[in-house]
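Biologist: Can you walk me through this one? I'd like to start with a loop.

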Amino acid sequence: MKTNNVIQEKSFAFAIRIVNAYKFLANEKKEFVLSKQMLRSGTSIGANVEEAIGGQSKADFLSKLSIAYKEARETLYWIKLLKATEYLNSEMADSLINDAEEICRIIGKIQITMKQP
């Protein structure tokens, strides 16, 4: 599998944004529960992408990529919940949502491509 690729770069950049959003929520909004969930799932995406890249087989690669996809979906949930409860403003939340949805689309396309004979 490639060393430098789009999903690797995007998931790392997204993790940085998630860490910064968490710091904002913890320091400015004094919100610790929902934001911690977002932090865990949002940073897990890139970690699982990295594990997929280091996978020992195609099945291992797909398994780790599948986990990354699930983590991205979970992160979307937490961001939407933080937006709905007004901890995140629309501008910040929508930007994070767009990035998470893009990551989901990319991972989904990789999964489809890898499953083809």
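Biologist: Is Lys-30 buried or exposed?

Modeller: Lys-30 is exposed, because its relative accessibility is 58%. Exposed means over 50% relative accessible area, buried under 20%, and partly exposed in between, with a 1.4 Å probe and protein chains only. This is a predicted model, where local features need pLDDT of at least 70, side-chain atom pairs count only at pLDDT 80 or more, and totals for chains, interfaces and linings use all residues. Residues are numbered from 1 along each chain as its sequence is written, and side-chain values use heavy atoms, without hydrogens and water.

Biologist: Where is Lys-30 found?

Modeller: In the loop between helix 1 (6-27) and helix 2 (33-53). Helices are DSSP runs (H or I, at least four residues), numbered from the N terminus.

Biologist: What about the phi of Lys-30?

Modeller: Lys-30 has a positive phi, about 55°, and is not a glycine. Most residues other than glycine have a negative phi.

Biologist: New topic. At what angle do helix 1 and helix 3 pack?

Modeller: About 35°, with the axes 13 Å apart. Axes are lines fitted to C-alpha atoms over the stretch in contact, and angles run from 0 to 180 degrees between N-to-C directions.

Biologist: Which residues make the contact?

Modeller: Phe-14, Ile-18 and Leu-25 of helix 1, and Thr-75, Ile-79 and Leu-82 of helix 3. Contact means heavy atoms within 4.5 Å.

Key: Helices (H or I, at least four residues) and strands (E, at least two) are DSSP runs, numbered from the N terminus.
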